[in-house]
Each structure stands twice: as C-alpha cells, then as structure tokens.
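Please look over the sequence and the structure shown here before reading on.

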Amino acid sequence: MIEQLTNNAIKLLHRLIETPSFSSEEDKTALLIEDWFKQHDISFERENNNIWAYNKYFDEAKPTILLNSHHDTVKPNGNYTNDPFKAFVEDGRLYGLGSNDAGGCLVSLLATFTYFYDRKDVNYNFVMVASAEEESSGPLGLKSVLKYLKNVEFGIVGEPTLMQLAVAEKGLLVLDVSVNGMASHAAHPNNDNSIYNALEVIRWFKEYEFGKESETLGKVKMTVTQVNAGKQHNVVPSHCDLVVDVRVNDKYKNEEVLEIVKEAMPKNVEVKPRSLHLGSSSIPIDHPIVKSGITLGRTTYGSPTLSDQSVLSCPSLKLGPGDSTRSHSADEFIYVDEIKEGVALYIKILEGIV
C-alpha cells in the first residue's frame, strides 16, 4: 500500500509542477488536490484555495495531529535553463518549479494522511491541510482556516528539511523605520541631515544584541535591507527611510522585540511594523513526535527560514523531504528517492506515537 501511495504521490507532483500556482493563483492546483481526495474516496472541505480533510473515524475525544504543506510557489527566477513548468526526471532528480518547495513535502504528506485515513486503531485524529499563499504570507492561507480545525494538539509542517527535525523556527518582523531631519538646500549648513542621522540608527541595528539566546535558534538577528532618501542632488531630504528584517528567536514575542527597538530609538525616529503575526515557533525536544523521530536516527535543529509554522499557536515540527537550499533556485529539483524516503519516514515516525 505504501509503495502504491508513493507512486501515485509522485505522479501527482508531476501534475502539480506543470500547473502554475503562484501565491493567490492556486485554483488549478487546488483542483488537482481535490482529485486526489476524490480518487481515494476521502471527504474534504475547501475555502478559497485551501483544502482540508479529516480521517474517516474522527473522534471528538481524541487529540488531532495537523499535517500541512502548501501548494503555491514563487515565480521562477530568470536563471532557469529548464522549462520551470515541465516536470521531468533525470539522474534521479525530478525537476520543476515547486518540486522541492514544497511539492515533494505536500504529496508525501497526502500519501501519509491517506495511509492513516481509515485506521481505527490510533490514539489521534488526523487533519490534512493543503494550504495556499504560504510564499506570500497572504491572508487567505493556512491562518484563514485554522478556525475550522478541531482539537489540534500539534502539527507537522511539510517543508524541505532533508527529513531532519526542525524543532524550532525563527519568526519574522519587518520594520519600516523613518529617520527624520530638516530639509534644506545642499549648499547651506545643516546639522540635522536625515541621512547622517540614519547612520547612527543603522549602526544601532548592526551592533545591538538581544540578551536572550535560544539553544536551537541562536540570537535574534536584525538586518537593514533597504535604504531610501532624497530625490534631488541639491536638496537635503527631510527623512531617510529604512527597512529592517528581524528574525526573532523563540525567547521573544514579536511585540517584545518591537518595544525594545522603539525604546532604543531617538525622538526623531518612527518605527512601524508591517505585521506582528509571523512569530517564532517550537516543539519540546521531549515531545513524543520528536522522540519518535530521534529513535529513527533523525537529528534536531533550529531553522532560520519562515514557513506556515509562524501562524500556528500549537507546538509544531517542520519536517519534509528535499533540501531548503534548493528552494527558490533556478532549475529546482527534488530527488525521487527523497520522496520515497519521506513517505516511509513520515509513516514510521507517526506509527511511533499513534
């Protein structure tokens, strides 16, 4: 049964690759996922481009395991030498946009969910969510359907981790920082030049260190990624605008980091967060699902990259076939054997607790 489900999952991945599904434009891949559930006689629900299904013998008295991955992709970068929408296998590699991020994870979880779908002898329920808008952190993705999910105790989020256990993930806080000064003609003296004022602010973001360091995620990392000021060579601008990318460890909430930054800024600086909902996430090392993975030889680590874990309030584990370093790359691929291993390991890890 596992071999047949895996083969069907790989066939589905071919179809997903060849069906464009940029964030907010996943309607056609949603239909392919619906077809999977129909072919396996599984009832499902859909809102926008999110599709979810529960195990056949759902029991309100049991906790639920969330299995989640996304079916949207980024747009292909300009360095592709292959057709990004042509799925083909060469030297054991399945090529195509979204193959690694996160098509291989998605189809492996679909196969895993289907394997457990009609099992009665389990201590957990299962809910499988194929979500949209992950790549854009959009409002109509996983977060929008969490209100419909029942009794979720913990989640497995399918992202490429080489099937190692990402037990923590950094959150994301994007700050728009405006450093103010006095506008003037460049020929005249000005001791309140907003660009010069910004130099000290940039230095602070570069050098400041948060006191709490995470065992799995390390330090909070702040990076100034954009600077914008002025429109004419002979005019000192009244403000210099910065964008700061903040990767937050699991020792802080995004709101705490925001307050620390605001308190450190001089009065001529305004700080506005673009959002506060992309928080850090983690699962205890001694959680049964983590211990089950470790028993099977999996290692644990903290992930610096963002995923749909950021919208979950329950403990969650990031785990999936493929390699994160291939994500968003030209000529993206996943090894077919990685998918085969992924399905088998997902099932074995879950068998260890259910």
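## The enclosed cavity

Which helices each supply at least two residues of the lining of the largest cavity? In this predicted model, the helices that do so are helix 1 and helix 3, the latter running over residues 99-116. Rolling a probe the size of a water molecule over the atoms is what shows where empty space is left.

When the whole structure is searched, one cavity of 30 Å³ or more is found, and the volume of the largest cavity comes to about 110 Å³. Its lining consists of 17 residues, and those closest to the centre of the cavity are L16, S21, H71, T73 and G98.

## The largest pocket

The largest pocket holds about 500 Å³ of space. A set of 30 residues lines this pocket, and the ones that lie nearest its centre are E134, E135, T305, L306 and S307. Among the elements that contribute to the lining of the pocket, helix 4 (142-145) and strand 16 (300-303) each supply at least two residues.

## The chain as a whole

The secondary structure of the chain consists of eight helices and 18 strands, and its C-alpha atoms fill a box of roughly 80 × 45 × 35 Å when this is taken along the principal axes. Of the 354 residues in the chain, 52% are buried.

T19 is found in the loop that runs between helix 1 (2-17) and helix 2 (27-39). Is this residue, T19, buried or exposed? T19 counts as buried because its relative accessible area is 15%, and the cut-off for that class is under 20%. Leaving out residues up to four places away in sequence, T19 touches K28, T29 and L32.

V74 has its place in the loop between strand 3 (64-70) and strand 4 (88-90). Its relative accessibility is 22%, and V74 therefore counts as partly exposed. Once residues up to four places away in sequence are set aside, V74 touches F22, L97, E135 and H328; of these, E135 is also one of the residues nearest the centre of the largest pocket. V74 and G171 are 97 residues apart along the chain, and their C-alpha atoms are separated by 20 Å.

S329, for its part, is placed in the loop between strand 17 (316-318) and strand 18 (333-335). With a relative accessibility of 23%, S329 is likewise counted as partly exposed. Which residues is S329 in contact with, leaving aside its neighbours within four places in sequence? The contacts of S329 are with N77 and Y80. From S329 to T223, a separation of 106 residues in sequence, the distance in space is 22 Å, C-alpha to C-alpha.

Notes:
Residues are numbered from 1 along each chain as its sequence is written. This is a predicted model: local features need pLDDT of at least 70, side-chain atom pairs count only at pLDDT 80 or more; totals for chains, interfaces and linings use all residues. Side-chain values use heavy atoms; hydrogens and water are left out. Helices (H or I, at least four residues) and strands (E, at least two) are DSSP runs, numbered from the N terminus. Buried means under 20% relative accessible area, exposed over 50%, partly exposed in between (1.4 Å probe, protein chains only). Contact means heavy atoms within 4.5 Å. On a 1 Å grid over the protein atoms alone, a cavity is a set of points where a 1.4 Å probe fits but cannot get out, and a pocket is an open set with protein on both sides within 12 Å along at least five of seven lines; lining residues have an atom within 4 Å of a point. Grid points are joined across faces, edges and corners, and a volume is the space filled by probe spheres set on the points.
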